[in-house]
Amino acid sequence: MLAVLTEIRSVTQRDTLYTFKCPDIARTARPGQFVELKLTDGYEPFLRRPISIFDADGNQAFSLLVRTVGRGTAAMTKWDVGAKVDVLGPLGNGFAWKPEDRDCVLVAGGIGLAPLSFLAKRLLSEGKQVRLVFSPQRDAELLKVLPFQEQLGIVFSENRNALPAVLTSVLRHGVDTVFSCGPEGLLGTVAEYAAEYHAPCQLSVERRMACGIGICLGCAIAIRAEQGIVYKKVCKDGPVFRAKEVVFGEKP
């Protein structure tokens, strides 16, 4: 489908918020899902790019918070307002929570903030207490994109080495659920400490994708199952998985 680019907002020197008009996506997107974008009219770059949904208003618009890191995301910076972009989505399985969950902790690693913003907005709308652990602190400028920042209890981790102590202070008194997105090292630490403090935890896992619909098998991830370690597709079975399922640093 085609989405019309309605706004481009520079957030930091390398992070940009793109807003699109596309009712089909805006009305059906759930926190944790993503879209796949065709970035140019030509063949370079050839593959679509998977981008987490930063927000959706449930009516007309959705937005993407994108960090410029390669030629694909660099191509996006050349777009103009009014551009019509070929989009697949919403794709994947998103975050889930229970009505009785009241105290929710979100752990974001840098641009991993993107899908957690949509989640935080939804949780806050349901009257839940939401705390955000953000790492690294040097990327704090990114938080200015959150319109509801004052409603969050924000705790900073200076870097990943400081994260265990921060998680201990946040989780030791008990929470209802933990959600996280960021680099794999951060996700592994979050999974470890959530397990230690018996907190249900969901992770949004990042992988390179090609098709985005489970055909190419390029985004396979090792998952712990009853029969041992199996492989699942991040694009179709995820990108959100239960933390206790995800295999970190082990081989089948």
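Biologist: Before we start, which residues count as nonpolar, which as charged and which as polar?

Modeller: Ala, Val, Leu, Ile, Met, Phe, Trp, Tyr, Cys and Pro count as nonpolar, Asp, Glu, Lys and Arg as charged, and the others, Gly among them, as polar. Keep in mind that this is a predicted model.

Biologist: Thanks! So how does the lining of the second largest pocket divide by class?

Modeller: That lining has 9 nonpolar, 3 polar and 5 charged residues. The second largest pocket has a volume of about 350 Å³. Its lining is made of 17 residues, and A199, P200, C201, R242 and K244 are the closest to its centre.

Biologist: Which element gives the largest share of that lining?

Modeller: Helix α5 does, with 3 residues. α5 covers residues 184–196 and reaches 18 Å from its first C-alpha to its last.

Biologist: Which residues of α5 are buried, and what do they pack against?

Modeller: The buried ones are L186, L187, G188, T189, V190, A191, Y193 and A194. They pack against β8, β9, α4, β11 and β12. After the helix comes H198, with a positive phi near 55°.

Biologist: New topic: how much space is in the largest pocket?

Modeller: About 1,100 Å³. There are 39 lining residues, and P50, R67, V69, I111 and E206 lie nearest the centre. By class, they divide into 17 nonpolar, 11 polar and 11 charged.

Biologist: And how many cavities of 30 Å³ or more are there?

Modeller: The structure holds 1. Its lining includes L106, S117 and F148, and helix α3 supplies the largest share, 4 residues. That lining has 8 nonpolar residues, 1 polar and no charged ones.

Definitions and conventions:
Residues are numbered from 1 along each chain as its sequence is written. This is a predicted model: local features need pLDDT of at least 70, side-chain atom pairs count only at pLDDT 80 or more; totals for chains, interfaces and linings use all residues. Side-chain values use heavy atoms; hydrogens and water are left out. On a 1 Å grid over the protein atoms alone, a cavity is a set of points where a 1.4 Å probe fits but cannot get out, and a pocket is an open set with protein on both sides within 12 Å along at least five of seven lines; lining residues have an atom within 4 Å of a point. Grid points are joined across faces, edges and corners, and a volume is the space filled by probe spheres set on the points. Helices (H or I, at least four residues) and strands (E, at least two) are DSSP runs, numbered from the N terminus. The expected span of a helix is 1.5 Å times one less than its number of residues. Buried means under 20% relative accessible area, exposed over 50%, partly exposed in between (1.4 Å probe, protein chains only). Contact means heavy atoms within 4.5 Å.
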